[in-house]
Amino acid sequence: METIINQIFAGASLASILLMVALGLAIIYGAMGVINLAHGEFVMLGAYVTWALQSFLGMGLLAALPIVFVTIAAIGWGVERSIVQRLYRRPLDTILATWGIGIVLQQLVRMGIGPESRFIAGPGILSGNTSFGNVVLSNYRIFVLVFAIGVFVATWALLAKTEFGRKLRAVIQNREISECYGIRAEKVYALTFAYGAGLAGLAGALISPLVNTTPSMGTYLVVDAFLVVVVGGVGSIFGTAVASGIVGETTAFFSMLLNDTVGRIGVLVAIIFFIRFRPQGLLPQIVRR
Amino acid sequence: MKRRSFLTRLGAASTLGAIGGLSAPAILTGTGRAWAQSGEIPVGLLFSLTGEVAVVERTLHDAAQLAIEEINAAGGINDRLLKVHVEDPASDPATYADRARRLFIRDNCVSVFGSYTSASRQAVLPVVEQRKGLYWYPTLYEGRECSRNIMYGGAVPNQQQQEFVPWLVKNFGGKFYLLGNNYVYPKEENNVCKMLLGQLGGEVLHEEYVPLGHSDFSSVINRIRATGPSVIFSTLVGDSDVAFARQYHAAGFDPEKMPVASLTRSEVEVAAIGGEAAAGHLSSAPYYMGYQSPENERFVEAYKARYGADQVTHFVSEAAYFQVYQFKAALEKLDPAAVTAEAIRDAAVGVTLKAPQGEILVDPNLHTHLWPKIARWKSDGQAEILVQSAERIAPEPYWAYPGETCTGEGLVRG
């Protein structure tokens with residue numbers, strides 16, 4: 001029984017990390033139709049900004065989070081303004097362009113900061129575990145879980161309750177007509193891209209105490225995030241949340257039953273079958289086009 | 001059949017060309033000795049400076065480069081300086097093969113130093129055997145290879161394990177949890193470990209492989225908690241090792257009772273893991289940065305002076321460094337006019353050398369006799385050596401495979 005509860009928590013923790021990485025991707029993809037293959041590199045940059053703040057300014061991870069968000073959002077804004085905005089009418093080219101941006105960012109970090117892995121300390125107040133008998137939950141993982149849910153709620157509120165969200169939804173539905181109503185679509189796009197990048201940066205900062213911080217750390221993460229977005233349904237943040245929960249728990253379940261390698265294969269096969277029979281994903285966005 | 005006759009005719013045509021005194025073959029034979037006349041000895045460095053493997057290979061490149069600079073500063077080998085040709089294979093095995101070809105053919109290198117991963121070494125292997133070159137490979141690896149054109153400077157499984165596993169069983173108990181990445185190296189090491197455990201009466205509680213780059217170990221940690229082993233025997237590499245170590249520490253396990261015993265963890269990984277999480281866990285390797293010997297003090301000092309005080313040396317970069325000196329020792333035995341890669345190889349056999357880890361010897365099977373050491377990591381990121389092997393340990397790349405032996409004549413069966 002304890003093993004099962006431990007494993008359910010492991011799945012939830014994995015899901016929270018997936019959600020953090022995938023949310024930004026889902027927003028950018030859903031809003032702009034841009035498949036951002038540089039997303040993993042934004043995650044990586046988030047971890048490196050955290051590292052820089054920690055080792056040069058002595059700033060703790062929690063205090064660094066807002067700065068990381070703003071910095072990576074600014075980088076995302078710059079990338080959108082300089083490159084991505086020129087390609088909105090050529091969606092396939094954005095794949096190539098963002099892939100290239102990813103390679104360039106990775107190699108810039110490798111040359112500028114160095115290829116070696118970096119150490120980022122986790123927050124001291126969140127070290128240790130909370131245990132009930134044999135059920136042992138890591139405090140930091142609980143924090144990441146709560147934080148991810150918080151970010152999800154904030155994102156939902158941003159899209160559903162604010163003027164910016166209303167404008168964004170209008171632009172998603174029909175760019176030309178919303179421009180007729182005086183919405184500056186390109187500004188909305190730039191801010192959306194920046195927000196998605198900022199979320200990726202936050203994800204990078206949050207996972208840095210759990211993993212190895214290297215220039216290539218984003219490559220693996222972005223693959224999982226794409227799976228989540230595809231399963232969830234394009235453009236739906238609720239779909240993304242549900243899908244990350246499902247992918248996380250399924251991975252944990254297969255890993256417990258068999259092992260991580262087979263677990264991974266199991267999840268991929270399950271996703272292939274799922275997409276075969278429901279290509280639009282779990283909760284596709286309903287948009288009149 | 002048509003294809004064959006075409007090829008025969010092509011062959012005949014080129015032979016005719018050669019007889020006719022065309023210049024192309026003349027250039028080819030001429031450049032074969034070009035370096036002997038120019039007074040410089042061309043060597044290649046084939047370590048990735050870009051891409052994922054650059055994390056480690058940059059340090060190997062730096063260590064080999066340092067040795068070359070030292071040799072040149074001291075006047076070279078037999079009064080000839082080493083001329084370095086650097087290629088960056090960008091972490092891609094196919095590019096390794098391509099760049100190796102370039103180094104051997106275009107640059108006429110008599111030796112190339114390179115590779116960290118087995119995948120890249122195996123990509124270079126057919127090239128170096130075909131070109132009759134010599135490839136110096138500094139990494140510990142899984143054994144089961146016996147090329148006559150590769151000089152293996154790192155440990156093979158028996159060198160790391162034959163003292164380590166009995167010591168672990170004696171001090172912590174025989175219930176092992178085998179954890180590695182899913183590729184050939186961890187599986188071969190675990191075969192050796194299982195063989196030793198069988199002899200010692202230990203048992204394997206669980207054997208598990210995670211994908212390369214895997215970074216979420218919650219499931220593994222839950223399983224470790226449920227099975228309660230006495231030792232976690234780890235062959236995780238790179239990112240996975242760092243992620244596992246951090247999450248293992250965060251899960252609150254006590255290294256005094258259940259240590260992670262790693263064959264792959266070096267100062268590089270420990271720097272990324274952080275001293276606090278790495279402290280108390282164990283490693284077996286021939287070299288640690290903190291090992292006390294005059295040669296090592298000189299090596300570490302020179303390395304830091306050249307590349308920065310925050311840099312670390314580790315068991316693979318040490319081998320990348322001493323292999324250049326093995327190359328030098330071999331070349332010094334040869335007549336400068338008659339240097340070929342194969343002559344260098346034959347001269348290298350039996351060379352002894354004071355390396356930072358101790359006095360090492362090149363075996364006729366081209367692997368190296370090394371000094372394995374069991375160490376415990378400290379919170380300052382350095383290792384404290386607990387057991388130094390009493391004697392130099394001979395390399396046996398086919399230890400777990402009775403009936404197969406790697407000898408000076410290549411692989412012998414039976």
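How much area is buried between chain A and chain B? About 2800 Å², with carbon and sulfur atoms giving 47% of that. Keep in mind that this is a predicted model.

**View 1. Where chain A meets chain B.** Let's start with who touches whom: 35 residues of chain A are in contact with 37 residues of chain B. On the side of chain A that touches chain B, the elements giving two or more residues are helix H1 (2–32), helix H4 (91–112), H10 and helix H11 (260–277). H1(A) provides the largest share of that side, with five residues.

**View 2. A salt bridge between the chains.** Zoom in on A:Arg141 and B:Asp216, which pair up in a salt bridge. Their closest N and O atoms sit 3.4 Å apart. Across the interface of chain A and chain B, the rule finds one salt bridge.

**View 3. A nonpolar patch on the surface of chain A.** Seven names to spot here: A:Ile149, A:Val153, A:Trp156, A:Phe238, A:Val242, A:Ile246 and A:Leu283 make up this patch. Together they have about 590 Å² of accessible area. Two helices of chain A, H5 (139–161) and H10 (237–257), each supply at least two of the patch residues.

**View 4. A closer look at A:Trp156.** This member of the nonpolar patch lies in helix H5 of chain A. Why is A:Trp156 called partly exposed? Because its relative accessible area is 33%, which falls between the 20% cut-off for buried and the 50% cut-off for exposed.

Technical notes. Residues are numbered from 1 along each chain as its sequence is written. Chains are lettered from A and ligands numbered from 1 in the order in which they are written. This is a predicted model: local features need pLDDT of at least 70, side-chain atom pairs count only at pLDDT 80 or more; totals for chains, interfaces and linings use all residues. Side-chain values use heavy atoms; hydrogens and water are left out. Patches are made of residues with over 30% relative accessible area and no salt bridge: like charges are joined within 9 Å, nonpolar side chains (Val, Leu, Ile, Met, Phe, Trp, Tyr) within 5 Å. Accessible areas come from the Shrake-Rupley method with a 1.4 Å probe; for residues, only the protein chains shown count as cover. A salt bridge is a side-chain nitrogen of Lys or Arg within 4 Å of a carboxyl oxygen of Asp or Glu. Helices (H or I, at least four residues) and strands (E, at least two) are DSSP runs, numbered from the N terminus. Buried means under 20% relative accessible area, exposed over 50%, partly exposed in between (1.4 Å probe, protein chains only). Contact means heavy atoms within 4.5 Å. Buried area is the accessible area (1.4 Å probe) that two parts lose on being put together, summed over both.
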